[in-house]
Amino acid sequence: MWTQHTLTLPARRRGFHLITRDVVQAVPELARVRAGLLQVFIQHTSASLTLNENASPDVRRDFERYFNHAVPEGWREWEHTLEGPDDMPAHIKASLLGPSLTLPVQGGRLALGTWQGIYLCEHRDDGGARRLLLTLHGESV
């Protein structure tokens with residue numbers, strides 16, 4: 001079985017946001033897959049996806065602090081500045097983290113570890129709504 005859905009997430013403030021529940025709810029066929037893969041792809045260049053700790057909000061805040069320190073706004077070497085001071089750093093952060101995740105599906109659910117969750121990594125102050133393409137491939141129950 002192959003199926004594909006588009007999930008549009010509402011605008012969120014800059015930071016790392018858990019979206020696991022949103023993704024699962026957007027793919028109802030997931031419950032009928034015995035074994036397979038779900039690819040989650042973000043169709044933007046200034047936001048990204050990652051998989052990490054889903055329990056402590058401290059982890060998400062530390063991710064944000066680290067990336068703001070590692071890829072600072074206002075660096076005088078940036079050439080691409082027409083879209084605001086957060087745009088070029090957002091592109092760099094998105095490239096470092098990446099636009100997609102490929103996740104295992106087992107027994108009708110994502111086969112994530114106990115403390116793993118999907119993050120939307122919003123790297124802009126005003127990034128707007130974000131669109132994800134969700135592609136499920138698997139063997140039906």
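Guide: α3 is mostly covered, with 8 of its 11 residues buried. "Buried" means under 20% relative accessible area, "exposed" means over 50%, and "partly exposed" is what lies in between (1.4 Å probe, protein chains only). Helices are DSSP runs of H or I with at least four residues, strands are E runs of at least two, and both are numbered from the N terminus. Keep in mind that this is a predicted model: local features need pLDDT of at least 70 and side-chain atom pairs count only at pLDDT 80 or more, while totals for chains, interfaces and linings use all residues. Residues are numbered from 1 along each chain as its sequence is written, and side-chain values use heavy atoms, with hydrogens and water left out.

The buried set in α3 is D87, M88, P89, A90, H91, K93, A94 and L97. What do they pack against? Their partners are β2 (15-18), β4 (47-53), α2 and β7 (116-122), with contact meaning heavy atoms within 4.5 Å.

Now look at what flanks the helix. D86 sits in the loop between α2 (57-70) and α3 (87-97), and D86 is itself buried at 6% relative accessibility. Leaving out neighbours within four places in sequence, D86 touches R14, E73, H123, R124, D125 and D126. At the other end, α3 is followed by G98, which has a positive phi near 105°.

Three strands make an open sheet in the order β2-β7-β4, with antiparallel pairing; two strands pair if DSSP finds at least two bridges between them. β2 and β4 are at the edges with a single partner strand each, so one side of each has no neighbour in the sheet. From one strand to the next the twist averages 35°. For angles, axes are lines fitted to C-alpha atoms (for helices, over the stretch in contact), and values run from 0 to 180 degrees between N-to-C directions. β4 and β7 are joined in the antiparallel sense by 7 bridges, and E53 stands opposite Q116 in β7. α2 packs on this sheet, touching β2, β4 and β7, and its direction makes about 150° with that of β2. α3 packs on the sheet too, touching β2, β4 and β7, but here the angle is about 50°, taken with the direction of β4.

Then there's β5 (residues 100-106). β5 runs antiparallel to β3 (residues 33-42), with 7 bridges joining them; V105 is the bridge partner of G36. β5 also forms a hairpin with β6, with 2 residues between them, and G107 in the turn has a positive phi of about 60°.

Last stop, the aromatics. The whole structure holds 7 aromatic pairs: rings of Phe, Tyr and Trp (its six-membered ring) pair if their centres lie within 6.5 Å, with planes under 30 degrees apart stacked, over 60 edge-to-face and the rest tilted. Y66 and F67 have ring centres 5.2 Å apart and planes at 85°, so they are edge-to-face. F67 is buried, at 9% relative accessible area. Ring pairs tie F16, F63, Y66, F67 and Y119 into a cluster.
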